[in-house]
Amino acid sequence: MTTPDPACATAQGDLPPDHGPRTLVAVFESPVAEHLIRFAADLGYRTVLVEPQPRLLAGTPKPHGDQTVASVSAAGLDEHTDVVVTDHDRPELGTMLRDALDSKARWIGVMGAKRHTAPHVEALRSLGVDDEAIARIHRPIGLNIGSKTPAEIALATLAGLIADRNRRPGGFTF
């Protein structure tokens, strides 16, 4: 008799998933952040939105995760935290990334196409962050699935984070 595979039992809903502790911090309110937060919650993440400009949170209610804070340092980053910066054009970019790099965050990434200049590098250098620390930042982020919409970008990003957590390359190679 074969031993039942726990992965199959979980996929069939017979066993609850064992994710271990995991937190997703989306930095800056954006359409991608909204999808990241929504999808990440379904994947077992505790979710946090970091938005330093309260006026951007006003208006039509949107998903803001389990917690909304004004700074990265208030987000409680630890070794189980993945940080995704969803807007590389914000003036707070350097400060937010410097604070993330000063934490124990497991993974830090900035959205942006590879063909565009990475503005976070100069922003961090101007704050005195060394190149070794800057190299911890992933850009571009997510699996290369040709994402264009905010939902697709969020899906590719979370798939990439799950692959990284599981020490897998992503894609269709097993």
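**A guided look**

Guide: By class, the lining of the largest pocket has 8 nonpolar, 10 polar and 5 charged residues. Here Ala, Val, Leu, Ile, Met, Phe, Trp, Tyr, Cys and Pro count as nonpolar, Asp, Glu, Lys and Arg as charged, and the others, Gly among them, as polar. A word on the basis: this is a predicted model, where local features need pLDDT of at least 70, side-chain atom pairs count only at pLDDT 80 or more, and totals for chains, interfaces and linings use all residues. Residues are numbered from 1 along each chain as its sequence is written, and side-chain values use heavy atoms, leaving out hydrogens and water.

Visitor: What makes helix 3 roughly perpendicular to helix 4?

Guide: Helix 3 (residues 93-101) and helix 4 (residues 119-126) pack at an angle of about 75°. Roughly perpendicular covers 65 to 115 degrees, so that is the name for this pair.

Visitor: Which residues of helix 3 meet helix 4?

Guide: Leu93, Gly94, Leu97, Arg98 and Leu101 do, against Pro119, His120, Ala123 and Leu124 in helix 4; contact means heavy atoms within 4.5 Å. Sorted by class, the residues of this contact are 6 nonpolar, 2 polar and 1 charged.

Visitor: Why is Asp102 called exposed?

Guide: Its relative accessible area is 63%, and exposed means over 50% (1.4 Å probe, protein chains only). You'll find Asp102 in the loop between helix 3 and strand 5 (107-110).

Key. Axes are lines fitted to C-alpha atoms, for helices over the stretch in contact, and angles run from 0 to 180 degrees between N-to-C directions. Helices (H or I, at least four residues) and strands (E, at least two) are DSSP runs, numbered from the N terminus. Angles under 35 degrees count as roughly parallel, over 145 as roughly antiparallel, 65 to 115 as roughly perpendicular and the rest as oblique. Buried means under 20% relative accessible area, exposed over 50%, partly exposed in between (1.4 Å probe, protein chains only).
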